[in-house]
Amino acid sequence: MELPNFFIIDTQPEARLTPSMVTEACRQLKRNRTQYLRDIPTAQTITLLAQLADNWRDDLFPFRKIALEAGQEATGFSPASLARGLDEFFSRITEENLHNFMAQELGDSRRLDAPLGTPEERSDNRTAFARGPELIGHITAGNLPCPTLMSMVHGLLVGSAQFVKCAEGAGFIPRLFAHSVYHTHAKLGACLELARWPGGDNPLEEALFKEADCIVAVGCDETLDAIRSRLPIGKRFLGHGHRVSFGYIHKDYLSRAMARELAENAARDVAAWNQLGCLSPHVFYVERDGAVRPEQFAEMLSDAIDALEQSEPRGKISEAESGEIAHRRSFYEIRAAHTGDVRQWQSEGSTAWTVVFEEEPQFATSCMNRFIHVKSVADIDETLRAAEMARGQVSTVGLAAPKSETEAIVIKLAHWGVTRVCPIGQMQNPPIGWRHDGRPTLGDLVTWTDWEQ
Amino acid sequence: MTFSTFNEAAEAVSRFIRNGEGRFGELALALFTLQLKHVPAYRDLCRARHVSVNHWRKIPAVPTTAFRDFEITSLLLNERTTVFHSSGTTGTVFSRHWHDSSSLAVYENSLQSWFHAHLAPEDCRTLSLTPAPAEAPHSSLAHMMLTVQHTANFSGTNSPRGWEVNADTAQRACVGAIDGNQPLLIMGASFSFVQWLDGMKAPIALPTGSRVMETGGYKGRSRELPKSELHALIAQKLGVRPDHIISEYGMCELGSQAYDRIVGRTDCPTFTFPAWARIRIVSPETQAEVAEGETGLLQVFDLANIRSVLAILTGDLAVRRGDGFELIGRATASEPRGCSLALSES
């Protein structure tokens, strides 16, 4: 199936993009929004999105077919990895979840349709009406599609027109998703635009910044800083910087049977999107003194990742990435040979996966692409001390601990700065109501009009 | 062939460097055997690998990062007279490469001879943009700059912000060369050239025959340019012919360096090491040697590494071009995708 030319990105790279084209596209988007999108009742948008998400999980859905057939070439992810990632993502988008999400964020899912009050507001004789930005400009990063799709869903929910600037080489899935929106509801699709250009192309970005009233950007701190400093006054800026994640396993969860299941779940977290996202684990901290020792757990994890490699292969990566893996492996090889407390397991004849176990608990950043550290710790306090260097940059902790202990651990993690705790195996699969970086999502997008009566 | 002492090895390698005496493979195996015995971390690595080494190509290579973590040296504490550190952004751990007087002599021999073969500086005045070794005692580049200069001339300073070029000193050296109508050889790190030339108001025209040697990386110390642009900047600001601009590839973990052209040659630049340092370019996936024109990780087997280990796995990607190589860049996890990051190197 050939995709029609609806979006700027469809004609790139042949068509050269100019700032005035970006400006014109933004203005058209805003006109379309006023005409088509703004007044669509939220419930209708929700139904539409839920149906679309359902379609995306259907193997016969043409856009999914393209994603799986051409996806490896375009994104580097194997079809099986892509299928799993897309299934997990779209299975979260149901009518019920979307309504609950809106209610979580805004108090009621209909507050973009008319002024409404929560019981607390009504007791004060008030109601309030929320409106989304007229035009959201997205600056997306990298090649993990789900964060971009999630941002687009957020924008649609709050009735905003959206201009999505895709990172080089990362527009494939967002583009298919935008086409699927257009295909389902052309008027909604007419409120989306996608383009790509090299990050930091100032004239193009300035045109976008001028027209949009809200900029949502994902990238490294320098990129975010650079964008923030170039935004005209009065623009809302939502920047999501670098994050890392890790797992934590309590000794009571390290019976042989539980450990094996945990290792399988942990392997899923490592394999999901080839570990490239900010929710992917870099390290699994495993408590000493369980029935299964941390080193044994690392070996179980290597077995589980190896098994996954058969069903969901990592796929090909760049030479720079595989070179980094090979270089790190040889580094840990010499560490393992020379010191007794390091071990390494790895795929034979390829860089497909690597597990490095170290007694020493110092946090380590992985080079990703299924390269995972396992470290031994006494307890959560030692873990947090060892992870100090990553403090403030940790998004998710995958946690396996007995019920009696979890709440205390979660509170500790929260005070330390972690913004999400989830079961191991679900790290790359956040619920739709997840608060990115611990902030309200729709809540940060909308502007309220309070009405006192 | 076997060596019973490192001094014996140093002498044999020096003869190879000076007169081409001996065979690379035999020297490498003999040196390897000695290093295996006297570098503990290396011995453990080789033991863990269970390799039988009957050819230099099979000598296990040590990653450059291991020079940060371990003391990759056969020198006892009281035998170490010089140590070179890898440059890096401040605050990061660095590699350390120790020498004694005899291994330092081999290092100097090695660098002199291959430097002269490419830069032919005999008729030139010289200027180094690096600080003098007194100011940067652990820089192998500064040491090299002193070794290759007839009359030491440094315009670099070492400040808490990192290396900087004193533009006045550099300018004086240029004016002196122009007034004396004698070619000038200017050497330094890429970032030093960028720092200096970005601040230079009016271009100058150095005398005919003037030449430039620039080497490695930026490490955030200046704006970063692709090599072609750096060379264009040098040509434009200094009036040096493009075929007189030579790139050097070296690092503190290696006693030998590679150059990408002989001054004045107009053929396509390709890095080559001297006969006493051989390379393998291996696939990161399979560790097998890649074919001509393919990309892989660069390994260097350098006889001038007497007191450390001779087989080094660099973190650089290279394409095999005949006996030489083309440098592609660092093998690093690519820019964070999605929103992951590389907080630190291991």
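Me: Let us count two residues as in contact if their C-beta atoms, placed from the backbone, lie within 7 Å. Among contacts in chain A between residues at least 6 apart in sequence, what percentage join residues at least 24 apart?
Reply: The share is 75%. This is a predicted model, in which local features need pLDDT of at least 70 and side-chain atom pairs count only at pLDDT 80 or more, while totals for chains, interfaces and linings use all residues. Residues are numbered from 1 along each chain as its sequence is written, and chains are lettered from A and ligands numbered from 1 in the order in which they are written.

Me: How many helices and strands has chain A?
Reply: Chain A has 18 helices and 14 strands. These are DSSP runs numbered from the N terminus: helices are H or I with at least four residues, strands are E with at least two.

Me: Why call chain A as compact as a globular protein of its length?
Reply: Its radius of gyration, taken over C-alpha atoms, is 23 Å, close to the 22 Å that the globule rule gives for 453 residues. That rule is 2.2 Å times the number of residues to the power 0.38. The C-alpha trace of chain A spans about 70 × 60 × 45 Å along its principal axes.

Me: What percentage of chain A is buried?
Reply: Buried residues are 53% of the 453 in chain A. A residue is buried if 20 or more other C-beta atoms, placed from the backbone, lie within 10 Å of its own, exposed if 12 or fewer, and partly exposed in between.

Me: Which residues of H2(A) are buried?
Reply: They are A:Val22, A:Ala25, A:Cys26, A:Leu29, A:Lys30, A:Arg33 and A:Leu37. Their arc around the axis is only 140°, which puts them on the same side of H2(A); the arc is that of the directions from the helix axis to the C-beta atoms. The face turned away from that buried side carries the exposed A:Ser20 and A:Gln35.

Me: What covers the buried residues of H2(A)?
Reply: The cover includes helix H1 (8–11), strand E3 (161–166) and helix H11 (202–211) of chain A.

Me: Moving to the interface, how many residues of chain B are in contact with chain A?
Reply: 34 residues of chain B are in contact with 44 residues of chain A. H3(B) gives the most to this side of chain B, with five residues.

Me: And in H5(B), which residues are buried?
Reply: Among them are B:Ser103, B:Leu104, B:Tyr107, B:Trp114 and B:Phe115. H5(B) is followed by B:Ala120, whose phi is positive, near 35°.
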